[in-house]
Amino acid sequence: MVRLRARLARSQSTLGRGLLELLSRDRLDDEAWDEIEETLITADVGVGPTRAMVEELRTRVKVLGSRTPAEARGLLREQLLAQINPELDRTLHTSAPGDRPAVLLVVGVNGTGKTTTTGKLARSLIGDGKTVVLGAADTFRAAAADQLQTWGDRVGATVVRGPEAGDPASVAFDAVARGIADKVDVVIVDTAGRLHTKTGLMDELGKVKRVIEKRAQVDEVLLVLDATTGQNGMRQAQVFAEVVNITGIALTKLDGTAKGGIVISVQRELGVPVKLVGLGEGPDDLAPFDPEVFVDALLG
Ligand code: GDP
């Protein structure tokens with residue numbers, strides 16, 4: 001919690017403290033409400049959720065009259081939480097029924113943090129006593145498999161890789177086959193995020209998924225999204241959502257942005273839960289997403 005608060009410092013100072021300061025004012029005139037709305041929009045909360053929040057806050061403030069700082073905080077906490085879709089199931093599916101490994105597919109545009117998130121996730125699973133195979137299905141970038149290998153060596157996971165520029169689906173298949181043969185608990189397949197054309201992406205990811213499914217069910221398709229890319233990232237996310245059935249989002253680089261409100265907009269627009277958050281480049285800088293812990297860290 002203390003670490004989360006420190007890592008979210010940039011979002012905290014705008015979204016958290018900024019809004020708290022505004023909302024604690026004795027008199028909230030139209031100008032103040034405009035400022036509240038602007039703060040939410042600037043933090044990437046999204047237009048719909050911002051309108052809903054401002055409307056609800058206005059009604060509540062009218063009833064309450066003047067507010068103590070604690071009351072202002074309570075109001076804000078409640079409204080932020082309401083917008084975070086608390087009802088979404090955030091379970092990360094890392095256990096499979098029977099004796100096959102759980103299979104996770106990691107997708108997203110290059111540079112968003114796919115490989116890093118894969119490595120950190122492996123680290124956390126291994127920390128929980130599970131065994132892990134990583135599949136380097138990003139065969140388009142020469143350095144990608146090396147980068148994953150470095151993570152594998154670092155955290156103690158086996159890495160399955162193919163020839164450079166080889167077929168990503170065949171690497172994915174080999175990784176799952178290895179996971180089954182070695183009776184490991186989890187196979188995580190890191191894919192290439194080439195958003196050249198929607199049909200190209202669909203063909204590529206579709207094939208990877210189909211080929212894996214010859215051996216095992218895919219339990220989780222995790223979309224990695226860079227929180228610093230704002231609306232551009234949201235558009236990318238929408239394309240991926242049209243191509244594969246995303247079951248969870250890993251929102252990375254939240255440590256480097258004041259736009260933490262993307263947690264709200266991405267879930268609203270895609271209807272998919274944020275399950276993990278990336279809070280830095282280190283092996284332990286990945287955390288499960290818990291709405292209450294997140295909002296409390298934002299509000300300081
Ligand atoms: P990929 O191309 O999607 O596999 O992206 P990489 O995993 O190579 O990550 C791209 C860059 O983002 C690297 O420099 C990572 O260290 C960095 N990165 C990934 N996740 C995070 C995060 O949560 N916070 C920060 N600050 N940097 C991150």
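Predicted model: local features only at pLDDT ≥ 70, side-chain atom pairs only at ≥ 80, totals over all residues.

Entry 1: I began with the backbone, where an N or O atom of Leu-279 sits 3.5 Å from an oxygen atom of the ligand. Taken alone, the ligand exposes 580 Å², and I noted that the protein buries 81% of that. I then looked up Lys-253, which places a backbone N or O atom 3.0 Å from a ligand oxygen. For Thr-115 I turned to the side chain, and found an N or O atom there 2.8 Å from an oxygen atom of the ligand.

**Entry 2: the shell.** How many residues surround the ligand? I got 18, with Gly-111, Lys-114, Thr-116, Asp-255 and Glu-281 as the closest. Sorting the shell by residue type gave me two nonpolar, 10 polar and six charged residues.

**Entry 3: salt bridges.** Side chains of opposite charge can pair when their charged atoms come close. I searched the whole structure for such pairs and found 16 salt bridges. I picked out the one between Arg-60 and Glu-78, where the closest N and O atoms are 2.4 Å apart. Arg-60 belongs to helix 4 (residues 47–64) and Glu-78 to helix 5 (residues 69–83), so this pair ties together parts that are 18 residues apart in sequence.

Technical notes:
Residues numbered from 1 in each chain as written. Heavy atoms only, no water. Near = heavy atom within 4 Å. Polar contact = N/O pair within 3.5 Å; in protein donor to acceptor, adjacent residues only side chain to side chain. Areas by Shrake-Rupley, 256 points an atom, 1.4 Å probe, with all protein chains shown as cover. Nonpolar A, V, L, I, M, F, W, Y, C, P; charged D, E, K, R; others polar. Salt bridge = Lys/Arg side-chain N within 4 Å of Asp/Glu carboxyl O. Helix = DSSP H or I, 4+ residues; strand = E, 2+ residues; numbered from the N terminus.
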